[in-house]
Amino acid sequence: MFIDKFNPLEDDMIQVMDENGNIVNPDFCPDVSDEDILTLYKTMRKARAIDSIALSLQRQGRLLTYASNLGQEAAQVGSGYALKKSDWAVPAFRELGMWLIKGWPVEKIFQYWYGNEWGSHFGEEIRLLPIAVPIASQLQHAVGIGMAARFRGDDDVVMAYSGEGGTSQGDFHEALNFAAVFNTPNVFFIQNNHYAISVPLSRQTASRNIATKALGYGMPGVLVDGNDVFAVLAASREAVQYARESGPVLIEAFTFRMGPHTTSDDPTKYRSDEEVRLWQRKDPIMRLEKYLMKENLMTEDAMKSMTESLEQDVMDAYKSIEHTSDTGIEEIFSYHFENLTPQLKEQLEDYQAFLKGASHAE
Ligand SMILES: Cc1ncc(C[n+]2csc(CCOP(=O)(O)OP(=O)(O)O)c2C)c(N)n1
């Protein structure tokens, strides 16, 4: 439907619901029950509760660092909701809403940002890779998982995430090239949030949009309003089906990071309040709330009490991991290779000798 009809070379963007919560393109509306809609809303609200609490905890010195998701909830939740439990999701580091849909427990998410690697151990039944900080490196892993699925004859799809900044990396090129040549079941979901730290979209690429980049590799690319959860879900469902049946596809979700890049960033240094205000009017949660009220699915009071109870749950989840012990240094050596390389073996021995020396000195 979208893949044939929407041409990224013409900047065609899929939108189902406008900024006032009106369904403007009923033909493209995904098939969702009221229960689905409430799950989408609740998850977006939960993501926002985590976001605001995490920022405040970091400022109090109770969390190591944090990457904000404010404004990107529809892109994350809508795309994650299109996956089956058996499909894989391969994140960068700013996909909170998708992590929640995939089942990464809130306390484990906090544990990760608390600086404890055990936060990434959420069990093999959750088909989600841990956070990948080296930009775009995760796209290679995603193609590898996709190739493995094809070799095994599984019908799993692998949805890989990146920001628009990641599409300037060599890893992006290699991953998309391999995916198209070997016809792997990958969806590349690019959250174009307009800034890669302080680098604006205009300095990131001369391509007319990110979706068109897919065409050069020989795969379809679609552009979607990333602040419209219905449009994101509809485009993602189609892309997932296409990847399962045919091959790789790229989605560009056009959105905006309303918060800082991470807690170490001050966005007022590189963008205007006016630009932020423009995007605040497109807020994905506000938009869905307007729809929910129009459709009599929720009242303002019900939304307020849901938000309060989510905030309470989120704070409780944080408290359950606060003061949990750190990862031991020896564990750094435990998980990368089944057998240590000679260099790592030497480093581990050095470290153990150092510990012995330190204990003798006491
Ligand atoms: C290979 C590599 N280079 C640089 C960095 C530093 N860095 C961290 S986030 C970031 C910007 C990423 O921008 P984008 O891909 O648009 O994602 P966003 O942060 O906007 O979600 C950079 C350059 C890194 N982590 N890895």
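Let us begin with helix 5, residues 106-114, and helix 13, residues 300-321, whose axes come within 8 Å and cross at roughly 55°. Before I continue, please note that this is a predicted model, in which local features need pLDDT of at least 70, side-chain atom pairs count only at pLDDT 80 or more, and totals for chains, interfaces and linings use all residues. Residues are numbered from 1 along each chain as its sequence is written.

Helices here are DSSP runs of H or I with at least four residues, strands are runs of E with at least two, and both are numbered from the N terminus. Axes are lines fitted to C-alpha atoms, for helices over the stretch in contact, and angles run from 0 to 180 degrees between N-to-C directions.

Helix 5 and helix 13 are therefore oblique to each other; angles under 35 degrees count as roughly parallel, over 145 as roughly antiparallel, 65 to 115 as roughly perpendicular, and the rest as oblique. Their crossing is right-handed, meaning that the near helix is turned clockwise from the far one by less than a right angle.

Which residues meet here? From helix 5, V106, E107, F110, Q111 and Y114 meet V314, A317, Y318, S320 and I321 of helix 13, contact being C-beta atoms, placed from the backbone, within 7 Å. By class, this contact has 7 nonpolar, 2 polar and 1 charged residues. Ala, Val, Leu, Ile, Met, Phe, Trp, Tyr, Cys and Pro count as nonpolar, Asp, Glu, Lys and Arg as charged, and the others, Gly among them, as polar.

Helix 13 also packs against helix 2, residues 34-59, at an angle of about 50°, with the axes 9 Å apart. That makes helix 2 oblique to helix 13. This crossing, too, is right-handed. K42, R45, K46, A49, I50, I53 and L57 of helix 2 meet M306, T307, L310, E311, V314, M315 and Y318 of helix 13. The contact has 9 nonpolar, 1 polar and 4 charged residues.

Turning to the ligand, 15 residues surround it, the closest being I135, G163, G165, G166 and A196; a residue is near if its C-beta atom, placed from the backbone, lies within 6 Å. Strand 3 (158-163) and strand 5 (195-196) each give two or more residues to this shell, which has 6 nonpolar, 6 polar and 3 charged residues.

Finally, the chain is divided into domain 1 (2-325) and domain 2 (328-362), with bounds from an automatic or database domain assignment. Their centres, taken over C-alpha atoms, are separated by 38 Å.

Definitions and conventions
Contact = placed C-beta atoms within 7 Å.
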